[in-house]
Amino acid sequence: LLRMQEILFFRELDFSLKSISEILSSPKYDKEKALQEQKHLLKLKKERMERLIEAIDSAVKGEKVMKSFDNSQFEYIQNHLFILSGFYGVVRPFDGVVPYRLEMQAKLKIDDKKNLYEYWGRDLYDFVTKDADTIINLASEEYSKTISKYLSDDVKFITITFADLIDGKLVEKGTKCKMARGEMVRFMAENNIEYPEEIKKFNRLNYEFSPQHTTETKIVFIQK
């Protein structure tokens, strides 16, 4: 029974029966060490599954949101929302794109440029600020630094931060931040937000504005 349990643990981690047989028959096999490693791997798998479920929930919610938008809200996001892309540079909400996987921080050399940051240079910044003097930043640092690096004094750059307050410190959690950023876009579209001060009224997903953590260049929301 115990051996069958060991096999089931390995199968849960997607090991083939042949691989399991080889592992269990090895003279170097340490059962206790193997169980600890299996526990660690299963925890990682659980975390991946939880993130995937959250991502699916977010996608379903996003689909419902898009169906609930009226023409004025579609017009708002088309006029106000810029999506930064390692492959396309800047994408607008209704631009046609092909599926791709390319992170901005990918180590990709293009001609004499050693990475995508050098390749795009200040082009993204120039495009985004062409008709704007205020940028509300909802991007992660990986993408936002393609803009912030080139900031001039006549452009106001305000980063929106969604965090948990843990032991007196602000902690940003990836999936939760992504969901909150999407919800902020919806909030801004539904309320036709035109001024940074109006953003502070956001109170969705159990987030509330935190005056004590907010500065001129950063608006912070903490989840209750």
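**Close-up views of a predicted model**

View 1. L52 is partly exposed, with a relative accessible area of 45%. The model shown here and in the views below is predicted. L52 belongs to helix α3, which spans residues 31-68. Together with M49 and I56, L52 makes up a nonpolar patch on the surface. The accessible area of these three residues together is about 270 Å².

**View 2. Q38, a buried residue of helix α3.** Q38 also sits in helix α3. Its relative accessibility is 4%. Buried means under 20%, so Q38 counts as buried. Leaving aside residues up to four places away in sequence, Q38 touches E6, F9, F10 and L13.

**View 3. The stacked pair F162 and F221.** The model holds 14 aromatic pairs. One of them joins F162 and F221, with the ring centres 5.6 Å apart. F162 lies in strand β4 (residues 156-166) and F221 in strand β7 (residues 218-223), so the contact ties together parts that are 59 residues apart in sequence. Both F162 and F221 are buried.

**View 4. Charges over rings.** Two sites are shown. R92 lies over the face of F82, 3.9 Å from the ring centre. K145 places its charged end over the ring of Y117, at 4.9 Å from the centre.

**View 5. Helix α7 and its cover.** Helix α7 runs over residues 141-148. Its buried residues are E142, Y143, S144, T146 and I147. What covers them? The cover includes strands β1 (83-85), β3 (134-137) and β4. It also includes helices α5 (116-120) and α6 (123-128).

**View 6. G174 in helix α8.** G174 is part of helix α8, residues 174-190. Is G174 buried or partly exposed? Its relative accessibility is 46%, so G174 counts as partly exposed. The cut-offs for that class are 20% and 50%. K114 is 60 residues from G174 in sequence. In space, the two are 27 Å apart, C-alpha to C-alpha.

Technical notes. Residues are numbered from 1 along each chain as its sequence is written. This is a predicted model: local features need pLDDT of at least 70, side-chain atom pairs count only at pLDDT 80 or more; totals for chains, interfaces and linings use all residues. Side-chain values use heavy atoms; hydrogens and water are left out. Rings of Phe, Tyr and Trp (its six-membered ring) pair if their centres lie within 6.5 Å; planes under 30 degrees apart count as stacked, over 60 as edge-to-face and the rest as tilted. Helices (H or I, at least four residues) and strands (E, at least two) are DSSP runs, numbered from the N terminus. Buried means under 20% relative accessible area, exposed over 50%, partly exposed in between (1.4 Å probe, protein chains only). A charge sits over a ring if NZ of Lys or CZ of Arg is within 6 Å of the ring centre and within 35 degrees of the ring normal. Contact means heavy atoms within 4.5 Å. Patches are made of residues with over 30% relative accessible area and no salt bridge: like charges are joined within 9 Å, nonpolar side chains (Val, Leu, Ile, Met, Phe, Trp, Tyr) within 5 Å. Accessible areas come from the Shrake-Rupley method with a 1.4 Å probe; for residues, only the protein chains shown count as cover. A salt bridge is a side-chain nitrogen of Lys or Arg within 4 Å of a carboxyl oxygen of Asp or Glu.
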